[in-house]
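I opened the model to look up a few local features. My entries are below, in the order I made them.

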Amino acid sequence: MNKYLEQLLEIEVIAKSEPASMLHADNKRCNGRLILSGKRLLFICNGNDNPEIDIDLDTINALAHESQFVDHNILTINYLQYETARFTVIDYDSWEKAIEQQRMTPHVLASLQNSLN
């Protein structure tokens with residue numbers, strides 16, 4: 001991870017992080033790490049410094065649970081109305097709860113502290 005990203009995640013506080021795979025539209029997979037902070041959801045492919053995807057939690061329209069072949073824990077996120085991201089996760093339910101919890105939690109105090117620094 002690059003320095004900017006490490007500092008950003010320190011400020012935002014990581015709520016959940018685990019190894020995952022991102023499923024592209026052409027059925028290719030990218031293995032890496034899915035990271036949820038108070039403001040965003042990031043996916044970083046193994047070997048890359050920059051995130052493959054960076055979704056602001058305020059832009060998420062819907063979460064869905066999908067299955068594909070033998071994989072029954074696919075987290076599908078619709079964001080910015082027409083964009084879709086799909087991730088293979090260990091436990092779909094825990095990711096859905098964590099994302100919804102972060103979306104509903106006001107992060108005003110953290111934003112205020114960051115602006116004062």
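I worked from a predicted model, where local features need pLDDT of at least 70, side-chain atom pairs count only at pLDDT 80 or more, and totals for chains, interfaces and linings use all residues. I numbered residues from 1 along each chain as its sequence is written, and side-chain values use heavy atoms, with hydrogens and water left out.

**Helix α2.** I took helices (H or I, at least four residues) and strands (E, at least two) as DSSP runs, numbered from the N terminus. For 13 residues that gives 18 Å, and the end C-alpha atoms are 18 Å apart, which agrees.

I then looked up burial, where buried means under 20% relative accessible area, exposed over 50%, and partly exposed in between (1.4 Å probe, protein chains only). The buried residues of α2 are Tyr92, Trp95, Ala98, Ile99 and Gln102. They lie on the same side of α2 because they cover an arc of only 135 degrees around the axis, taken from the directions from the helix axis to the C-beta atoms. Lys97, Gln101 and Met104 are exposed on the other side. The buried set packs against β1, β2, β3, β5 and β6, with contact meaning heavy atoms within 4.5 Å.

**Positive phi.** Most residues other than glycine have a negative phi. I noted Val13, with phi near 65 degrees, in the loop between α1 and β1. Gln81 also has phi near 65 degrees and is found in the loop between β6 and β7. Val13 counts as exposed at 55% relative accessibility, and Gln81 counts as exposed at 58%.

**Salt bridges.** I used a side-chain nitrogen of Lys or Arg within 4 Å of a carboxyl oxygen of Asp or Glu, and the count comes to 4. Arg40 and Glu12 meet at 2.9 Å, N to O. This pair links strand β3 to helix α1, 28 residues apart. Arg40 is buried at 18%, and Glu12 is buried at 12%.

Asp54 and Arg40 meet at 3.1 Å, N to O. Asp54 lies in strand β4 and Arg40 in strand β3, so the pair ties together parts 14 residues apart in sequence.

Within helix α2, Glu100 and Arg103 are 3 residues apart, about one turn of the helix. Bridges that share partners join Glu12, Arg40 and Asp54 into one network.

Note on methods:
The expected span of a helix is 1.5 Å times one less than its number of residues.
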